[in-house]
Amino acid sequence: MRSSRIMCLAGLAPIAAITATAWAGGHTWRVNEVFGNNDGTIMFIELKECCGSPNEIGTSGAQVTSADLGLIETLGSLGCTNCTANKHILLATQAFADLPGAPAPDYIISPNAFDRTGDGVTYSFYHTLNFGPVPSDGVNSFHWNGDVPATVSIAANSPTNFAGDTASIAVRCHVADTDFSGGVDVSDLLNLLADWGPCGGCATDLDGNGSVDVSDLLALLAGWGPCP
Amino acid sequence: MPAQVVRPLTAAQRKTMSGRRRATGRSRGAVGACRALIALPLLALSILTCCSREPVTEARPGEPLPTAPEPAMLASLGGDHAGNRPMSESASSAAPGLGDAEQIAHLALHDISIDPLAQCACADMRQAGGWCRRCGVGWLAGIRIPSADLYIALDSHGHQFVTLSVDCPSCLDAVSVDGHCDEHHRGFASHRMYTSTLAWAVARGRLIEPGSLNCDRCRTNAARCGWCDTCAAGQVGSLRFGSIDVFSHAMRERERLVESVRTLAQCEMCAIVMFTDATCPRHRPLPSDDATRTGRGDGPSAGVKVTTSP
């Protein structure tokens, strides 16, 4: 009886030998760009392999996190070897993915995945991009300047996915914000007046009836002011 | 957990087990359970013996354990995190001189699995640097590192890189002189790139066997770290440095590692970000340390919110 019990306990040891531990590799990915529209439905985070290293493929299990809101995404395997030098990984919301012409995200994240009023997005424990209020004009994003400590600059968004597909998106904060200024103002009014009359396909044809008319003017006035 | 296959017991085993059951009067169910407990681990052990040298990409605790990649699988791994669009495989591009063998070697260097049945390698790793699978600790510059994440973050083995892919003039200059690019915070030694200053410092040393040293002072230094004016060489453990500047830098980095290991007790992330370009999300700004340490991740971005954990 005792020997059987001992044999049982001894037999458990090999199972205990297999333990999951930390993940390995993927050191040189950096948070390169962050974008968010005024209501957080269209957001993306772009990672970039910073250093020309071709085998940074150990991303499986690496987490992208928001300092304020927690886990954004856990990355998986890249599915390739010798493939990472200067590449990008794109995490974006479904609404971004649905935009015509937008590069297909490599990962879909939830809306408002990070705090648009200011946050720090971190790749694993290797790189954090801290930033203030995200540009809400629907065009500009925060770009990492490539330096250490990390600083950001504002420029037109340029999301790029792992396949290398890239495009710049423009998201109006309001349908009447035809110049993407982040609000409805005099310049939008002037644009509308300039297109007054039959104008199929015009951005100032806010109701899409093929003509810029009083209804469009009223819609513009109803949205007057900066976008929230 | 790797898949387990149950093989039926041999006739001799069954006879032996049956005899014991008659002698002890055990119930059939209890003995059957015992048979399974004995057979399965023995089988698992035989599988482990064959496969234990395969590099394993491990998940973080709490995350699903990915399949251990085998050489034939590395080129054919597809898909990614469940529920997301698969990564495109069209991006594969062969860098000159790099293939699956390099990839396997890369994974092996980063093998930080734990195996209680393995032999303790701490004595060797303390000198040479590396991970002891038995004890689950890493060693670098003679310092014991009880955190796998910190050990990985130190990037002790460095990275391959393709020179043509390096677009920073400062980095290219650093490559040619085994130097450091302060702008991008990368060090280079023997045509490998290091993302932590500690790893770069260690990489510029030469590993020697302390017993081979003829100088008494140098042998003492190998045990306690120090510089020998007679030999114009410094020892940081088993690492020998021929330049006092490089030696001094290595000593400073070693001290930072000591401080980092101490910090583990309070916050692992804080300990880790002392050597990376990240910020601890719970403790912003970072704890004070060497002012020359760049890469704290809390740079002067406009409107940075500063939060501190309770």
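**Close-up views of a predicted model**

**View 1. Strands S3 and S4 of chain A pair in the antiparallel sense.** Across from A:Ser66 stands A:Gly70, a residue of S4(A).

**View 2. Strand S3 of chain A also pairs with strand S7 of chain A.** S7(A) spans residues 119-123 and runs antiparallel to S3(A), with 3 bridges between them. Within this pairing, A:Thr65 stands opposite A:Thr122 of S7(A).

**View 3. Four strands of chain B form an open sheet.** The strand order is S7-S10-S9-S8, and the pairing is antiparallel. Strands S7 (206-207) and S8 (226-228) of chain B are the edges, each pairing on one side only. S8(B) pairs with S9(B), residues 233-236, over 3 bridges in the antiparallel sense. One of the positions to look for is B:Trp227, whose bridge partner in S9(B) is B:Gly234.

**View 4. A:Ile45 and A:Leu47 belong to the largest nonpolar core.** This core has 69 residues, and A:Ile45 and A:Leu47 touch the most other members. Helix H10 of chain B (residues 244-263) gives the most to the core, with 6 residues.

**View 5. The surroundings of A:Leu47.** Neighbours within four places in sequence are left aside here. Among the remaining contacts of A:Leu47 are A:Trp29, A:Arg30, A:Val31 and A:Asn32. Others include A:Val64, A:Leu75 and A:Tyr123, as well as A:Lys87, A:His88, A:Ile89 and A:Leu91.

**View 6. A:Asp188 is buried and has no salt bridge.** A:Asp188 is part of helix H3 of chain A, which covers residues 186-194. The nearest side chain of opposite charge belongs to A:Arg172, 7.8 Å away. Two backbone nitrogens lie by polar atoms of the A:Asp188 side chain: that of A:Thr178 at 3.0 Å and that of A:Asp179 at 3.1 Å. Not counting residues up to four places away in sequence, A:Asp188 touches A:Ala176, A:Asp177, A:Thr178, A:Asp179, A:Ser181, A:Gly183 and A:Leu220.

Note on methods: Residues numbered from 1 in each chain as written. Chains lettered and ligands numbered in written order. Predicted model: local features only at pLDDT ≥ 70, side-chain atom pairs only at ≥ 80, totals over all residues. Heavy atoms only, no water. Core = buried A, V, L, I, M, F, W, Y, C linked by side-chain atoms within 4.5 Å. Buried < 20%, exposed > 50% of the residue type's maximum accessible area, 1.4 Å probe, protein only. Helix = DSSP H or I, 4+ residues; strand = E, 2+ residues; numbered from the N terminus. Contact = heavy atoms within 4.5 Å. Lys, Arg positive; Asp, Glu negative; His and termini not counted. Salt bridge = Lys/Arg side-chain N within 4 Å of Asp/Glu carboxyl O. Polar contact = N/O pair within 3.5 Å; in protein donor to acceptor, adjacent residues only side chain to side chain. Pairing = 2+ DSSP bridges.
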